[in-house]
Amino acid sequence: MEGAQYNPRTVEEVFKDFKGRRAALIKALTTDVEEFYQQCDPGKENLCLYGFPSEQWEVNLPAEEVPPELPEPVLGINFARDGMHEKDWISLVAVHSDSWLLAVAFYFGARFGFDKADRKRLSNMIHDLPTIFEVVTGTAKKQEKAKSLVANHGGSKSKSTSKGRAPESRGKYTRELQEKEEDEELDVEDEEENGETLCGACGENTAADDFWICCDLCQRWFHGTCVKITPARAEHIKQYKCPSCNNKRVRTT
């Protein structure tokens with residue numbers, strides 16, 4: 001199991017550790033969800049989902065030592081897999097993963113003597129990021145809406161005069177959203193001021209010139225690089241399905 005001897009000692013180091021583990025868990029529950037699903041065999045013993053600072057994830061048995069070197073993730077995630085709808089199961093794992101991340105971060109804080117100011121600063125840094133649950137379920141600040149995308153990534157409005165439309169680089173994947181905007185005019189101004197669109201894969205919002213693509217099924221936005229879609233390739237896709245939706249449809253057919 002990776003990372004047992006890694007001990008971040010400053011607020012910045014603990015936050016970096018937190019972000020690496022968080023990115024790994026988001027990857028397991030979104031872009032790698034098919035592989036994660038297969039590894040969580042209910043016929044096996046108690047399994048845990050681990051995320052490491054290197055942004056790699058692993059499904060494995062819990063640590064044998066008692067007490068463990070670090071707080072352990074929730075046990076037995078595999079046992080509930082076939083007894084729940086997949087979406088609900090993934091959401092449940094996400095909630096427990098959020099709890100584990102906080103436990104690990106504040107374990108380091110307690111171990112290395114963070115004072116009140118350091119603990120508060122670490123908490124603020126962590127809570128500036130959406131939770132894994134918010135990323136996985138797509139509820140983080142109404143992240144699916146193109147209006148928020150413009151407010152946070154577009155810098156300036158697109159050439160279109162329609163208020164709140166996504167940049168033209170998103171192409172036809174914004175058209176259905178654009179049609180809905182006419183019925184949501186009252187929500188546009190608030191969302192452009194306060195909204196934030198986050199990638200459904202990595203959970204981050206980055207530079208304005210990034211290429212994004214929207215899933216036609218779940219309506220979540222993704223960085224093209226996170227789902228391996230280029231602008232040129234997107235022009236030839238009639239209906240884009242993100243990895244989570246695509247895997248779900250494969251298993252139900």
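Two strands count as paired if DSSP finds at least two bridges between them. In this predicted model, β1 and β2 meet that rule, pairing in the antiparallel sense over four bridges. The largest nonpolar core has 39 residues.

**Strands β1 and β2**
- L49 has V59 of β2 as its bridge partner.
- β1 is covered on both faces: C48 and Y50 are buried on one side, L49 and G51 on the other.
- Five residues separate the strands in the hairpin, where E55 takes a positive phi near 70°.

**Nonpolar cores**
- In the largest core, L29, F36, L49, L122 and I132 have the most contacts inside it.
- Two or more residues each come from α1, α2 (33–39), β1 (48–51), β2 (57–60), α3 (86–111), α4 (116–127) and α5 (132–137).
- Another core lies apart from this one; its 16 residues include F211, I213, C214 and C215.
- Beyond four places in sequence, L29 touches F36, L49, I90, V93, A94, I132, V136 and S244.

**R22 in helix α1**
- R22 sits in α1, which covers residues 11–29.
- R22 has a relative accessible area of 2%, so it is buried; the cut-off is under 20%.
- Leaving aside neighbours within four places in sequence, R22 contacts L101, L129, P130, I132, V135, C202, G203 and E204.

**Helix α4**
- α4 has 12 residues, so at 1.5 Å a residue it should span 16 Å. Its end C-alpha atoms are 16 Å apart, which agrees.
- At the start of α4, a side-chain oxygen of D115 comes within 3.2 Å of the backbone nitrogen of A117.

Key
Residues numbered from 1 in each chain as written. Predicted model: local features only at pLDDT ≥ 70, side-chain atom pairs only at ≥ 80, totals over all residues. Heavy atoms only, no water. Buried < 20%, exposed > 50% of the residue type's maximum accessible area, 1.4 Å probe, protein only. Contact = heavy atoms within 4.5 Å. Core = buried A, V, L, I, M, F, W, Y, C linked by side-chain atoms within 4.5 Å. Expected span 1.5 Å × (residues − 1). Polar contact = N/O pair within 3.5 Å; in protein donor to acceptor, adjacent residues only side chain to side chain.
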